[in-house]
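Work through the exercises below with the sequence and the model side by side, trying each task before reading its solution.

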Amino acid sequence: MAEVIIPQADADALLAMEKRRENDDQYDYPGLGGAIAVPVVSMDKRERFTLDVRRGSIDLLKGTYQTRARHVVVLARLDFGGAPHRNPDDEEIASPHLHVYKEGYGTKWAIPLPKDKFPIPADLWHLLEDFFAFCNITSPPIIRRGLFE
């Protein structure tokens with residue numbers, strides 16, 4: 001599948017746009033190897049987004065939180081518990097790390113997790129709540145914590 005490229009200003013505006021849950025459906029935080037895709041909308045309901053929550057199939061401490069716009073454009077992705085990421089310039093970024101859309105590159109670049117926005121990276125539930133804030137999801141979806149979260 002070809003990567004969809006949008007202008008940087010559009011990606012920045014979409015990420016900064018205030019978002020809320022689309023409905024009051026409840027989702028279970030995924031367990032080992034699980035994933036959920038949750039619909040999120042802009043406040044005026046003109047833009048639709050998807051919040052993806054994926055967990056590792058072997059390691060419960062590995063996973064991804066991701067926000068997509070227009071079905072396929074990844075605006076932000078937070079990877080945790082996995083291997084370091086190697087950027088196109090060969091710089092290695094340790095996990096957890098954050099990918100933010102960059103025109104021409106999509107999410108091929110990663111940055112270290114900003115400590116001011118993600119102060120407790122070891123707590124996966126808190127990390128998810130911080131990801132909501134980073135993506136400006138002010139009325140987050142209803143996700144029930146699992147037994148081991």
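The model is predicted, and local features need pLDDT of at least 70, side-chain atom pairs count only at pLDDT 80 or more, and totals for chains, interfaces and linings use all residues. Residues are numbered from 1 along each chain as its sequence is written, and side-chain values use heavy atoms, with hydrogens and water left out.

**Exercise 1.** Find how Glu47 and Arg70 meet, and state which parts of the chain the pair links.

Solution. Begin with the rule: a salt bridge is a side-chain nitrogen of Lys or Arg within 4 Å of a carboxyl oxygen of Asp or Glu. By this rule the model has eight salt bridges, and one of them joins the side chains of Glu47 and Arg70, at 3.1 Å from N to O. Finally, check exposure, where buried means under 20% relative accessible area, exposed over 50% and partly exposed in between, with a 1.4 Å probe and protein chains only. Glu47 is buried at 18%, while Arg70 is partly exposed at 39%.

**Exercise 2.** Are Arg77 and Asp79 buried or exposed?

Solution. Take the pair first: Arg77 forms a salt bridge with Asp79, and their closest N and O atoms are 3.2 Å apart. The relative accessibility of Arg77 is 17%, which counts as buried, and Asp79, at 14%, is buried too.

**Exercise 3.** Which residues touch the most other members of the largest nonpolar core?

Solution. Such a core is a set of buried Ala, Val, Leu, Ile, Met, Phe, Trp, Tyr and Cys residues joined through side-chain atoms within 4.5 Å. The largest one has 32 residues, and Tyr29, Tyr65, Leu78, Phe131 and Ile143 touch the most other members. Among the elements that each supply at least two residues is helix H2 (124-134), and H2 gives the largest share, six residues.

**Exercise 4.** Describe the surroundings of Leu98.

Solution. Leu98 sits in strand S9 (residues 97-100) and is buried, with 0% relative accessibility. Beyond residues up to four places away in sequence, its contacts (heavy atoms within 4.5 Å) include Arg77, Leu78, Trp109 and Phe131. Leu98 and Phe131 are 33 residues apart in sequence, yet their C-alpha atoms are 9.9 Å apart in space.

Technical notes: Helices (H or I, at least four residues) and strands (E, at least two) are DSSP runs, numbered from the N terminus.
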